[in-house]
Amino acid sequence: RKGMEPGHGDSWAMPAALSVAGALVLWGATRARLRRGSADMSLLARIARRDHAAAEAGKLLPIATKPHIVLDGGIPFVVSVVEKTAMKAKPRAKDAAALAPLDAFETVDPDLLVCGGDGAFPDHNIVLNKFPVVTGHLVIATREFHPQSEPLTPSDLLALWMVVESTDGLGFFNAGRIAGASQPRKHTQAIPRPRPPPGHPPHAFPIESAAEAALAEAAAAGASTARVAAFDFPHVLAPVPPAASAASAASPEAARSAAGDALCSLYGALLREVGACDSAYNLLLTRRWMMVVPRTRERWGPVSVNAVGFAGLLLARGDAGEALSEAGPLTALRTVAAGE
């Protein structure tokens with residue numbers, strides 16, 4: 001049996017979703033960084049203000065969870081179990097047409113819209129997730145309709161990068177329903193880095209130590225791509241190209257364009273390396289690295305897995321959390337990635 005311990009107060013635990021209180025924490029942290037004169041505060045401040053206002057207006061419906069730490073393969077996975085009061089009843093549809101996904105981002109609620117259609121994000125809307133598990137969960141959706149099955153473009157990757165770079169969070173993309181996508185319009189997503197107690201350094205996502213170790217080993221061997229030692233299924237990661245690392249939302253347009261092209265070139269190379277150009281996959285992006293994982297299944301038993309599962313963050317309902325702990329998160333990831 002894998003170890004499963006309550007995550008409250010643990011440095012690896014992603015917090016249960018908070019409404020007004022969570023938004024106040026986000027806004028307080030942002031104001032502190034504004035006072036320090038951070039160059040990328042414009043976007044971060046807009047996110048914090050919108051999150052705070054939406055929470056106060058009751059426009060956010062956070063999903064209450066109880067996080068647990070499950071150590072597997074040396075990675076401290078966070079399994080967040082949805083509390084019974086937060087479980088949604090399964091929809092009852094009279095026919096298959098009723099099950100077709102609606103385009104939730106065709107018309108954006110202005111109370112959830114952070115920004116979009118401006119100089120920094122001409123092709124995308126940055127929208128608060130109405131049903132967040134983590135406070136500050138963002139959706140970066142195309143303003144014009146493009147299907148989620150389409151490859152990401154330099155513009156898509158640049159928009160995601162600017163959010164990740166400004167928030168120091170985790171960006172991700174679920175390419176197709178098998179990869180965990182639930183909406184038809186093309187969109188990437190981003191979640192903030194777990195917040196530490198005052199006076200402590202920023203918390204890492206569970207996979208980060210293993211990813212950094214893999215990149216260091218690959219660099220020492222002269223390799224341009226790497227594999228996480230504990231991931232015994234197809235995947236690949238590589239450092240973010242320098243052109244992207246040097247660009248932010250405050251950068252000149254030429255620098256942002258170069259960043260988008262560099263990110264798209266890396267993205268294409270990683271897709272080709274793992275043979276995912278014409279199949280479902282997940283993409284993960286941090287300030288330091290990009291990862292691609294091909295997908296063969298959407299679920300491990302009752303547990304749906306999307307891109308953040310490969311960052312070490314899994315969501316389960318009811319008894320599925322205990323089952324996931326017993327089997328081990330790596331078993332679930334192996335099943336959905338390699339089909340074993």
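**View 1. The protein chain as a whole, with its buried residues.** Of the 340 residues in the protein chain, 51% are buried, where buried means under 20% relative accessible area, exposed means over 50% and partly exposed lies in between, with a 1.4 Å probe and protein chains only. This is a predicted model, in which local features need pLDDT of at least 70 and side-chain atom pairs count only at pLDDT 80 or more, while totals for chains, interfaces and linings use all residues. Residues are numbered from 1 along each chain as its sequence is written, and side-chain values use heavy atoms, with hydrogens and water left out. The chain holds 8 helices and 14 strands, which are DSSP runs numbered from the N terminus (helices H or I, at least four residues; strands E, at least two).

**View 2. An open sheet of 8 strands.** With antiparallel pairing, the strands follow the order S4-S5-S6-S8-S7-S10-S11-S9; two strands pair if DSSP finds at least two bridges between them. Strand S4 (113-116) and strand S9 (236-239) are the edge strands, each of which pairs on one side only. From one strand to the next, the twist averages 20 degrees.

**View 3. Strands S7 and S8, and the loop between them.** Strand S7 (residues 170-175) and strand S8 (residues 187-191) run antiparallel and are joined by 3 bridges, and Leu170 has Ile191 in S8 as its bridge partner. Ser182 sits in the loop between S7 and S8, and it counts as partly exposed because its relative accessibility is 47%. Although Ser182 and Leu102 are 80 residues apart in sequence, they are 9.1 Å apart in space, C-alpha to C-alpha.

View 4. Helix H6 (residues 253-273) lies across S9, strand S10 (281-285) and strand S11 (289-294), and runs at about 35 degrees to S11; axes are lines fitted to C-alpha atoms, for helices over the stretch in contact, and angles run from 0 to 180 degrees between N-to-C directions. Helix H3 (residues 154-167) packs with H6 at an angle of about 105 degrees, their axes being 8 Å apart. H3 is therefore roughly perpendicular to H6, a term for angles of 65 to 115 degrees. Residues of H3 that meet H6 include Leu157, Leu158 and Trp161, and among those they meet in H6 are Ala259, Leu263 and Tyr267, where contact means heavy atoms within 4.5 Å. By class, this contact of H3 with H6 has 9 nonpolar, 2 polar and 2 charged residues; Ala, Val, Leu, Ile, Met, Phe, Trp, Tyr, Cys and Pro count as nonpolar, Asp, Glu, Lys and Arg as charged, and the others, Gly among them, as polar.

How values were computed:
Parallel < 35°, antiparallel > 145°, perpendicular 65-115°, else oblique.
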